Amino acid sequence: MTYVIVGSCVNDAVCTEVCPVDCIQPAPEAGEFATTEMLYIDPDVCIDCKACADACPINAIYPAEHLPDKWTAYREINAAFFRQRMRS
Amino acid sequence: MSKNIYTHCNYCVSLCGLEVEVDDAGEEVIEIRPDRENPFSWVDFCRKGKTAAEIRNHPQRITTPMRRVGDRYVPASYEEAIADIAQRLNRIIERDGADAVGSYHGNPLGHNFGDSNLHAGLLAAIGTGNRFWVGSLDQNSLHVVQEEMFGCELMSVPTDVDDCECFLLMGMDPAVSRFGWIEIIPGGWKRVLEARDRGADLIVVDPRVTSSSKEARTHVLIEPGEDWAFLLALIKIIVDEGWNREPEAVPVNGLDAFFELVGEADLDDLSSRCGVSVEQLRDVAERFAKARTAACVSHTGLAHSGTGTVGEWLSQLLNIITNRMDMPGGKRYERGYVDLPKAWSMMAPKSKHRSRLRNLPTVAGFHSVAELADEILTPGAGQIRAMLICSGNPVVSGPDGDRLDKALSELELLVAVDIVQRESHRHAHWLIPGTHWLEREGLHLAFGSIMEKPFAQYGNRCVKPKAGVREEWRFFVDLALKMKRPLFGFRGINGVVRLSRALAKIPGLRKFEFGPAWFEWLMVAAGRRVKLSEVKRRPHGYMYDNKRYGDLARSLRTTSKKIECAPSILMDECRRLLAAPMPKMDPEFPFCMVSRRNRESMNSWMNENARLLQQQRSNQVEMHVEDMTDLGLEDGDPVRVSSPVGSIELTVTAGTGGRRGIVTIPHGWGSRIFDVNAPGRYSRWGENRNRLVDGQRIDPLSQTPLLNMTRVRVESLEPAARQAPTRRAVGQ
């Protein structure tokens, strides 16, 4: 299981402060934070603790298995962000 | 180069497995991660554990004994500190008797068995009955109920979460607390949600809307402090409808007498007391009683309510009469790896001592913090003149902190053992360095029996104590030796300790030195369930057996060898509550203050961690949005909250719903951390809401103050700005 950030993310980054395993990227200290459209959760590192979902001010984070229908694509979008990083 | 050391976190009882990366010298932590190979707890981890090295490397950390000279502190050696403290304590004991020396200790000490045990050894050497502890602020109700029903003050029955099909959760917010109390269930909340997604029923009872209640199938909005009435109503409905079942796994005594009491209660009366309709009570009772498996789980919220001991007892009885006790999917007893009553008595030795002023007995061997200030301030034979405070902060954790602060200022001798100088140590004559759990080691002998599965993990030392710092237990032993009073009160033992220390100087014999390891080895060997070497061999922890049911019946310590369902003190107190008139609202103090926990905060000792709580490093007053509108308040406005014993100022924020008339303020905030090297310099975040709590009003059985049921008044601090209440919406 993992949590997933969906398209309504506003890059508030409060989730990066509460994540105990730093699996939400890009964090504000990273260069690409300035240009990223949204933040992403690495499904391989996420420990499913729900801290990010509780902290998110706009409820843009869901457990992967409870994603609203219109956001289901974001499970893959989150995972793909980290796959691309590994390649680059 | 670096290496990984595996241990478990020791902030809360989730005991999350940790992978701690340290430098080669074993002096500094590089990073702390969750230990994904821990078979018990890897699913749980939070930022408190992740940032533990920040607290260990606290900028105000005390690394040498410090003696007060005027208004400042000067460093001293351990030898100087121990000699001076021993001489002054002996003088006070010879003049006024042993009870003139009091003690208080907090959770961080309790989390290390060796330190707790040798602390008890020192107190027995001193011979004082004036022992106080943090348990009287949260867990005493459970100790009273377990002693009365099971015959042992610690005989916890953790929730069998994975097989449970109906959860009735009371006085807890596990989405924040992770389900831990006197039951260790790693990932407990996550597993409850998984069970719910498989079809389990989830009923959350809480006067507030919380992250947990939002996940429930039913949220029961109860009147605060009336959990006992709610539980008694459920039991009454179940008994009247004939839905109760004979307990299969445990022998019981006194059920008929208890049912007689149930017969005396009136359902409509109970319903109006707890503010839950008869219809909803029936619905919950039926779902709970008819579920294939179910568990009623009650935690701290009840303990703080003034009626929590009766509530806790009724919670156990609800489980007993529906056959949930020591049954799959109900509440399961884990007998652990040692003889639990023995291990518990080493941490919390029983005592027949009664308090001088209120003539109250001890609970688990300790008196209530609610009595401490009076026992120091009131002159007469047996008055406390010296205190030893170990890893504790009772001015912030306990009731009416202003009065306790005044009391501590009048002591002849105050010795504080801790990693930093906190609010309660303000008047200390001696500050003795403490250790952080990253610097300690040990197998906790009492935790094995409150775990939900047969699991043992040796807490490995990750880094050395800061240079010059001795472990707490060494200080306790050294002090008893210097006072020439026998550790544990056993004549001759000090000689054994000295001999073992002399022998340990011989190369190869160091490991035989007297210390906590002696007790670990003896207790685990006598427990005959696991070998200590087998536990130590598995750094990620050892799941040494399969879960089994039925051990509770064999482990009961009551004279009847049965669970006592109708102990007279609980029956009497329940009848007293039934006969008491319903509490009336006090127009002068119209709100009820309750507590809550922040996930990134742990009682009174982590709020200063800069890597936690980055956005909101303070507590706030949370109120119902309509109550705020009535008072003309908006989110973020400053308010004064007052009770008959004190007042504090904080900003207000709108809650997410729930009952009106409730003011929620997290506890543990507002403790100053002093800089011992710069008199007058300190840091502090938030406000100590327990300054509003009266030390005179307590649950008569657990002696716990009403941390959750204090009546308060809320006033805007900007009266000129908005005189008339406005009707605009307040942002959530």
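This is a predicted model: local features need pLDDT of at least 70, side-chain atom pairs count only at pLDDT 80 or more; totals for chains, interfaces and linings use all residues.
**View 1. A cis peptide bond in chain A.** Here we look at the link from A:Gln25 to A:Pro26, a peptide bond that is cis. Its omega sits near -10 degrees. As for where this is, A:Pro26 belongs to the loop that runs between strand 2 (24-25) and strand 3 (40-41) of chain A.

**View 2. B:Phe179, a buried residue with positive phi.** Moving to chain B, we find B:Phe179 in the loop between helix 8 (174-177) and helix 9 (188-197). Its phi is near 85 degrees, a positive value, and the residue is not a glycine. B:Phe179 counts as buried because 29 other C-beta atoms lie within 10 Å, and the cut-off for that label is 20 or more.

**View 3. B:Arg528, an exposed residue with positive phi.** This one is in the loop between helix 22 (516-527) and helix 23 (532-537) of chain B. B:Arg528 is another residue other than glycine with a positive phi, this time near 50 degrees. There are 10 C-beta neighbours inside 10 Å, so B:Arg528 counts as exposed; the label applies at 12 or fewer.

**View 4. Where chain A touches chain B.** Ten residues from chain A and twelve residues from chain B make up the contact. On the chain A side, the elements giving two or more residues are helix 1 (14-18) and helix 2 (51-55). Helix 1 of chain A provides the largest share of that side, three residues.

Definitions and conventions. Residues are numbered from 1 along each chain as its sequence is written. Chains are lettered from A and ligands numbered from 1 in the order in which they are written. Helices (H or I, at least four residues) and strands (E, at least two) are DSSP runs, numbered from the N terminus. Two residues are in contact if their C-beta atoms, placed from the backbone, lie within 7 Å.
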